[in-house]
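Try each task before reading its solution.

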Amino acid sequence: MASITMKNIVKKYGDGFPAVNDVSIDIADGEFVILVGPSGCGKSTLLRMIVGLEDITSGDMMIGEKKVNDLAPRDRNLAMVFQNYALYPHLTVFENIAFPLRLAGASESEITEKVNAASKTLELDEHLQRKPGNLSGGQRQRVAMGRAIVRDADAFLFDEPLSNLDAKLRGQMRSEISRLQKRLGITTVYVTHDQTEAMTLGDRVAVLKRGVLQQLASPRQLYSNPGNLFVAGFIGSPPMNFLPAKVSGTSVELPFGTVQIPQDKADKVAASAANGLLMAGIRPEHFEDAAVVDASRQGSTFRAKVDVVEWLGNEAYAYIPFEAPPEVREQLEQLERDLDGESLRTQLVVSLDGTSRIAEGDEAEIWVDSSKMHLFDPATGENLTVDLDNAGYIHGHAMAEAAEQPAAAG
Amino acid sequence: MRGTNKVGIGVGFILIMVWCLLPVAWIISLSFKSQEAITAGSPGFLPTSGGSAGFQNYVDVLNDEQFRRAIFNSIGICLIATALSVILATLAAYAIARLEFKGKRFVLTTALAIAMFPVVSLVSPLFDMWRTLGIYDTWIGLIIPYMSFTLPLAIWTLSAFFREIPWEMEQAAQVDGATSWQAFRKVIVPLAAPGVFTAAILTFFFAWNDFVFGISLTSTEAARPIPAALSFFVGADPFNRPASLLAAGAVVSTIPIILIVLVFQRKIVAGLTSGAVKG
């Protein structure tokens, strides 16, 4: 086992396009780090640079104390699970798992012992003599993991390992991977575009956008303290709502009315607010049907016409369209493009309690917990109200100390 | 509708089989007739009661020293040419499928051009060259042209097979600790086995059936292969070609090729790569 240190890693392709641009991540021994981002953000490229399947244009890649930039994959002693599993179809499950051991020249008795141990862990015992072609997707996935855990690798690398499974199996395998990693205590880097996997599995999550590391923090920090618009929009489902906001003092004017924010937040944004509109970010769950909110809870209320209600049982999502001024609209459309999405209309998504009786077309009274509101600079996307001590590394902020305390706040 | 379809397919199948197998059946029929019966005219498919030679023709053919040499030459030359061609083609096709290098297109188009070149036009230059080089009427003198004419086909077939093998297989092997050569030998070649055997069968066919090179580049039984030897085959009477013996010789010479096909066909298991990746 070993730590993995990336220092100013850059990957440029032949046309000069930087697929990965100046990324620095310290992964502690035994830590589970997720690389997440929309497609084309460079997360897979970064993983392949760790394992040695892609050349590093510049920067240092260290595994333990050793610089591995120029080492071949086989000399790095890492185990990788590929997105499409890449099992050897001409070999049985046993031989697939034994493959790395045979290459390493292990003795027959050692191979049998280790493969059997791995197959027991992954419950593959009854399939050992079958060929991968006869296995189900979940079984193939487990064989691929068996091939990884059978060797004493320094770290595990996963490249979107669950994206080919159906939803139910994905959930099971997710907890399986988590359990396995905790038990083996092995350094793990996991690439995914699925934020549920990112939030549930990782000790820390690195969010990438177009090759640039946006934020590196624990899932909780990412969720409650996103460093910029992109991270705020990427983490969370349904995503955070972005509204044009005019701030004066502690009062914030939103399309639906004016709400109050705490003094400390107001102080942080005062300088930027003087220049014009800000972007307010409020998560759906920080809204509620005013009728079901306990009167003692702090917050503001406003009235709005609800367009659509999606009732899910435990909660309901209400959609409230609003008009955004052109400069904010442009920024929101750009954000949607960055997130691989398409913005059809500007609307507020509000999460309501399951007992709420608000129906489609109603003019409803909505409560909002404005103390949880974030305010972003619409030009730079920077989160002005971020709690820097509690947000890990944020791109653009000099955060030397954050890099030195990995996973502490997870 | 389904019934008539089935009948139609059955009838078509039988017609094609008759069309293809009738000459073969006729050769076999001839090989069991006695020389006298053929000279006298024996139009029936089955030998007449007096005109049957039993297995005598086969015994005679196999007792013929010239014929035994020719069989030996053919088998030796064809196996060596096939093995060399397939090995070279495997390496070349792998490079073409996997690596980016200058002149890749050139290699592929040249290979195709060679395959399209009429064989006959090369015979006289080769004849002169081989005599100068001293490899006229030797095994190597036939192996070289067989190899060069079968390589293009083998390369094209195999590179198509290699291209279908997912890159990840190899990368997984490398991450698992394999060198490039180990990954090639332990993962890629086994996966390309159907392609390798397809190429081998095609190469062997070409070499075995060749007549032009066989007759022009040999002069003695030192290297003369079967098709050429059959044309030189004269029985006891030089003025009366032994048709029944020739027929028996032809039947014997098809046996190795049937054996080869049967052996290789077992290796050509379609869909071997299924299950490698989630598809």
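**Exercise 1: around one threonine**

The side chain of A:Thr187 comes to 2.6 Å from the backbone oxygen of A:Ala2. This is a predicted model, where local features need pLDDT of at least 70 and side-chain atom pairs pLDDT 80 or more, while totals for chains, interfaces and linings use all residues. Residues count from 1 along each chain as its sequence is written, chains are lettered from A in the order written, and side-chain values use heavy atoms, leaving out hydrogens and water.

Task: Is A:Thr187 buried or exposed?

Solution. Start with its place: A:Thr187 sits in strand S8 (residues 187-192) of chain A. Next, check its relative accessible area: at 0%, A:Thr187 is buried, because buried means under 20% (1.4 Å probe, protein chains only). Then look at its neighbours: leaving aside residues up to four places away in sequence, A:Thr187 touches several, including A:Met1, A:Ile27 and A:Phe156. Touching here means heavy atoms within 4.5 Å.

**Exercise 2: where the chains meet**

Task: How many salt bridges are there between chain A and chain B?

Solution. First find who meets whom: 25 residues of chain A contact 23 residues of chain B. Now apply the rule: a salt bridge puts a side-chain nitrogen of Lys or Arg within 4 Å of a carboxyl oxygen of Asp or Glu. That gives two salt bridges between chain A and chain B. One of them pairs A:Arg151 with B:Asp176, at 3.7 Å from N to O.

Conventions. Helix = DSSP H or I, 4+ residues; strand = E, 2+ residues; numbered from the N terminus. Buried < 20%, exposed > 50% of the residue type's maximum accessible area, 1.4 Å probe, protein only. Polar contact = N/O pair within 3.5 Å; in protein donor to acceptor, adjacent residues only side chain to side chain.
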